[in-house]
Amino acid sequence: MAVAFLSAQRSKDPSSQVGACIVNQENKIVGIGYNGMPNGCDDDLLPWSRTADDRLNTKYPYVCHAELNAIMNKNSADVKGCTMYVALFPCNECAKLIIQAGIKEVVYLSDKYHTTPEMTASRRLLSMAGIQFRQFKPKKTKIVIDFNSINNPGMPDSSAI
Ligand SMILES: [Zn+2]
């Protein structure tokens, strides 16, 4: 899950940075993705707005969700039987991809859009397809990455020196 969150930091979406990480049955990473515009589509030219008078001026028709990117970025022949770790409960469109890709389990952290039609449809699809989903309960809520720690082992915040 931490790898999913680290990947999410690469997203240019100003309002929602979502990451996903797929692991195989040996818990080896086979795919990572975050939400972004399709390859070759300039994410400085396409809109990132959540609302606009014209839906074409919102991000929704263009953006690729983290789940899609993690599946498409896979470095194995397929992701059958794999588990997807994802920051947010997948929407119905991603549920379709997860099912068709053969992923067998989804582990999510937040379910903040639980009551929306997209999430309701998603739960319906995942349940019918026999895909397990469960909420991730982190042992600690924060992990700090300190690049200086390699030079100063044992000192959690070497910038304070
Ligand atoms: Zn989605």
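## Zinc site and fold of a predicted model

In this predicted model, residues 24 or more positions apart account for 59% of those contacts in the protein that have a separation of 6 or more, where a contact means heavy atoms within 4.5 Å. Residues are numbered from 1 along each chain as its sequence is written. Because the model is predicted, local features need pLDDT of at least 70 and side-chain atom pairs count only at pLDDT 80 or more, while totals for chains, interfaces and linings use all residues, and side-chain values use heavy atoms, with hydrogens and water left out.

The protein has four helices and five strands, which run α-β-β-α-β-α-β-α-β from the N terminus on; these elements are DSSP runs numbered from the N terminus, with helices being H or I of at least four residues and strands being E of at least two. Along the principal axes, the C-alpha atoms fill a box of roughly 50 × 40 × 30 Å. Of the 161 residues, 36% count as buried, a class that means under 20% relative accessible area, with exposed meaning over 50% and partly exposed lying in between (1.4 Å probe, protein chains only). The accessible surface comes to about 10,300 Å², and 53% of it belongs to carbon and sulfur atoms; such areas come from the Shrake-Rupley method with a 1.4 Å probe, and for residues only the protein chains shown count as cover.

A UniProt record, an unreviewed entry, places the feature "domain: CMP/dCMP-type deaminase" at residues 1-133, with the caution that annotations may be inferred rather than shown by experiment. Over residues 1-133 the chain is 27% helix and 19% strand, and the end C-alpha atoms lie 14 Å apart.

The zinc ion is coordinated by ND1 of His65 and by SG of Cys91 and of Cys94, at 1.9 to 2.3 Å. Donors here are N, O and S atoms within 2.8 Å of the metal (3.2 Å for Na, K and Ca), and since water is not among the atoms, sites may look incomplete. In sequence the donor residues are spaced H-x25-C-x2-C. His65 lies in the loop between strand 2 (29-34) and helix 2 (66-72), whereas Cys91 lies in the loop between strand 3 (83-88) and helix 3 (92-101), so the pair ties together parts that are 26 residues apart in sequence. His65 is partly exposed, with a relative accessible area of 33%, while Cys91 is buried at 11%.

Cys94 also belongs to the buried residues of helix 3, together with Asn92, Ala95, Ile98 and Ala101. These buried residues pack against helix 2, strand 3, strand 4 (105-110) and helix 4 (117-128). Helix 3 is followed by Gly102, whose phi is positive, near 90°.

Helix 2 holds Glu67, where the unreviewed UniProt entry places the feature "active site". Glu67 is buried, with a relative accessible area of 4%.

Strand 2 contains Ile29, which counts as partly exposed at 40% relative accessibility. Beyond its neighbours within four places in sequence, Ile29 is in contact with Val3, Cys21, Ile22, Val23 and Asn75. Ile29 and Leu109 are 80 residues apart in sequence, and their C-alpha atoms are 18 Å apart in space.
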